[in-house]
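Please work through the following exercises with the sequence and the model side by side, trying each task before reading its solution.

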Amino acid sequence: MRCHADALPMPGMRSPLWIVGAIHLFCTAACGFAAGAAWWPLPQAAWPWVEGLCAATIGRASGLPWWWMPINLLFFPAGNALLGAGISPLMFLGIFCVLLLVNGAAWFQRVPLFLSSNQAAALVLTLLPQRKGFRLIDLGCGTASLLMNLARARPDGQFTGVELAPLPFLWGRWGACRQRGVNVCWGDFWSTDLTDYDVVYAYLSPVPMTSLWEKARREMRPGSLFVSNSFSVPGVPPARAFDVGDRVCSKLYVWRM
Ligand SMILES: C[S@@+](CC[C@H](N)C(=O)[O-])C[C@H]1O[C@@H](n2cnc3c(N)ncnc32)[C@H](O)[C@@H]1O
């Protein structure tokens, strides 16, 4: 198994957080200037709302999805209210660090943490090769719950997970210690070689799918399976598609290389 933790995030995937940060910087500076110059006789408590309104409007005009509007609108007023509540800033730092450790890939790779359902695992099980010793890799395995499910049902296979976010990785690694056939490593799947695997499973987001497909085509052996939960590859029709029938109406897309 080869996985490395030293790769840079995939190029070309700009996080909207940079845009949001720039918009808020601009709006804060503009509101600070307007408040200082006393152009409008607004009470001080109104300025966070003015900032929020400007940020929400500019954000929407810059092409951010609609759901950024309430976030941008409420960010400063909520921050202001929390500051007034006298809560220790260390608590916010702590919450931020935990979120980063659990879900940092959402920021850096634009892939958040959510787990495959048991129904998806049951469907993947039906796609596994019959021969003993086959190898499956889960790219971004989260807490490795899918791998554990599969390994319990097929103890004759080898199941590998690669995970970038530290806390899910530790959780998965802990589980893997107690389940034969499962190996979880910390790293970036963009620098994990896919050549050795009979099945490559991914449950990511729409953002990386085109680049991931190019990687799969470069590295996967002929006859091996590429399975994506919920996210198809633009312009590449799958060989098969299945409704998983779970709560979130997932679909499994399958390509034979
Ligand atoms: C939607 S979750 C899927 C979890 C698991 N595969 C499952 O199906 O239950 C996606 C996971 O991919 C991880 N991830 C995103 N980009 C990654 C990368 N470049 N390398 C390794 N893991 C990554 C995220 O941290 C997240 O835990």
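**Exercise 1.** Which residues in helix 6 are buried?

*Solution.* This is a predicted model, in which local features need pLDDT of at least 70, side-chain atom pairs count only at pLDDT 80 or more, and totals for chains, interfaces and linings use all residues. Residues are numbered from 1 along each chain as its sequence is written. Begin with the terms: helices (H or I, at least four residues) and strands (E, at least two) are DSSP runs, numbered from the N terminus, and a residue is buried if 20 or more other C-beta atoms, placed from the backbone, lie within 10 Å of its own. By that test, Ser 145, Leu 146, Leu 147, Met 148, Asn 149, Leu 150 and Ala 151 are buried in helix 6. Seven of the nine residues of helix 6 are therefore buried, so the helix is largely enclosed by the rest of the structure.

**Exercise 2.** Trace how strand 2 is linked to strand 3.

*Solution.* Start with the pairing, which requires that DSSP finds at least two bridges between two strands; here five bridges join strand 2 to strand 3 (residues 182–186), and the two run parallel. Next, follow the chain, which crosses from strand 2 through helix 7 (residues 166–177) to strand 3 in a right-handed β-α-β crossover, meaning that, with the strands pointing away from the viewer, the path from the first strand over the helix to the second runs clockwise. Finally, locate individual bridges: Thr 160 has Asn 183 as its partner in strand 3, while Val 162 has Cys 185.

Terms used: A residue is buried if 20 or more other C-beta atoms lie within 10 Å of its own, exposed if 12 or fewer, and partly exposed in between; C-beta atoms are placed from the backbone.
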